[in-house]
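Open the model in your viewer and follow the selections in order. The tour begins where two chains meet.

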Amino acid sequence: MADAVRAMAQEFARDPDSLVFLRLGEQLRHRGDLEAAESVALAGLDRYPDLPEARDLYARVLVDRGHPAEARQVWESILAVEGRYPGAHKGLGFLAYAEGDLDAALDHLETALAADPAEPGVIEALRIVRTTVEEAEAEQVVPAVFERLDATEAGMLLIDRRGRVLGGTLQRDGRSVADEVAAYLTGVTQEAVRAARLLRLGRWEWLIAEGELDNLHVTAPTEDTRLLVMRERSIPPGRLAFLAAKAHDAAREWLEAQRP
Amino acid sequence: MTIGTEAFRGALDAITRVRGVRGALVVTRDDGLIVADTLMEDVRGNAVAALTASLFSRVGLATGEAGAGRAQFVHLQAEGGLVLALAVNEELLVVALAEAGANVGLIRLEMLRAGEVVR
């Protein structure tokens, strides 16, 4: 892939009017080079300010860089001109889903699907949202996965491999950020799995991330689930690991018990 | 950068002297390129650099969204080894690759010292 990216970058440098920046930006995005992806998207926008695909690329980069509000503005600007552009509806559907607004997510994704019925990303996203709606309607009870632990559910999150929350809560500035963090966590663990495999380190077991304010511990209670334990930075890493191990076991037991 | 690279390598040497460490690198955060490295022969430095920078970038998105602040240190533990990454500044990471049972506390200490040199 590195060769392909290099070739595209060379082509773009040779011919700045080329539309290759769309594929180049997307590839850079996929491999996590977000600043480079943003530079490419902006350079493309400079040449093609009204091209929906260029704006769509820029919006997706903005989301990856943690700027959903700005991305929303970009996608809405596309729809103001081209009301059925599927990429914008798909993006806005993702943002709505991340915010827990399932009705809006369904509206956007169904519009995107109507415009482009063969787009696999939209089909999959729609399936996930519909499943979430069905589950939310079927079961309003929060799983008591962490009730046996000495801590509260706060600061723990159990998610499936598609980034859907199975249990736990995560608050930031008084509001839940569980869905947003779950989505980003999926990317983190995919990257951890990939790094461990490509570096021939075997199966990944867990990951600790120390932030300026809090530390995060991520593990996989089962093949299909991820568990996040977050505690303030003053908690020693060893104690965090101990707590995470207990939560890991509790989550595994709970998940086993849920099997039909 | 050329002048600094020798100093970087000296700092990295101290990390690789910890038992179980298979390589240490200074890596650019944005594009995962190697600035300096001290590696065992079988370690693919470019892969370590690229994958660690990419992982660190994604972790940074998660910590930011979770309200944990900017990511400063990442420890990826796998069955057959581990990867540690320390953010030195907005541009560089110090990275260590080690065997699974290596003394992480000691490696981390040397990484922090290396970070002071790199900074």
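Select chains A and B of this predicted model. Across their interface, 33 residues of chain B are in contact with 39 residues of chain A. Keep the chain B side of that interface selected. Three elements of chain B each supply at least two residues to the side touching chain A: helix 2 (45-66), strand 3 (71-78) and strand 4 (81-87). The largest share, 15 residues, comes from helix 2 of chain B. Now colour the chain B side by residue class: 15 residues are nonpolar, 12 are polar and six are charged.

Next, select strand 5 of chain A, residues 204-211, together with strand 3 of chain B. In which sense do these two strands pair, and over how many bridges? The pairing is antiparallel and runs over seven bridges. For one of the residue pairs, pick A:W204; its bridge partner in strand 3 of chain B is B:A78.

Chain B has three helices and five strands. Traced from the N terminus, the order of its elements is α-β-β-α-β-β-β-α.

Finally, select every residue of chain B. This chain has 119 residues, of which 53% count as buried. Consider also its contacts with a separation of 6 or more: 51% of them are accounted for by residues 24 or more positions apart.

Definitions and conventions. Residues are numbered from 1 along each chain as its sequence is written. Chains are lettered from A and ligands numbered from 1 in the order in which they are written. This is a predicted model: local features need pLDDT of at least 70, side-chain atom pairs count only at pLDDT 80 or more; totals for chains, interfaces and linings use all residues. Helices (H or I, at least four residues) and strands (E, at least two) are DSSP runs, numbered from the N terminus. A residue is buried if 20 or more other C-beta atoms lie within 10 Å of its own, exposed if 12 or fewer, and partly exposed in between; C-beta atoms are placed from the backbone. Two residues are in contact if their C-beta atoms, placed from the backbone, lie within 7 Å. Ala, Val, Leu, Ile, Met, Phe, Trp, Tyr, Cys and Pro count as nonpolar, Asp, Glu, Lys and Arg as charged, and the others, Gly among them, as polar. Two strands pair if DSSP finds at least two bridges between them.
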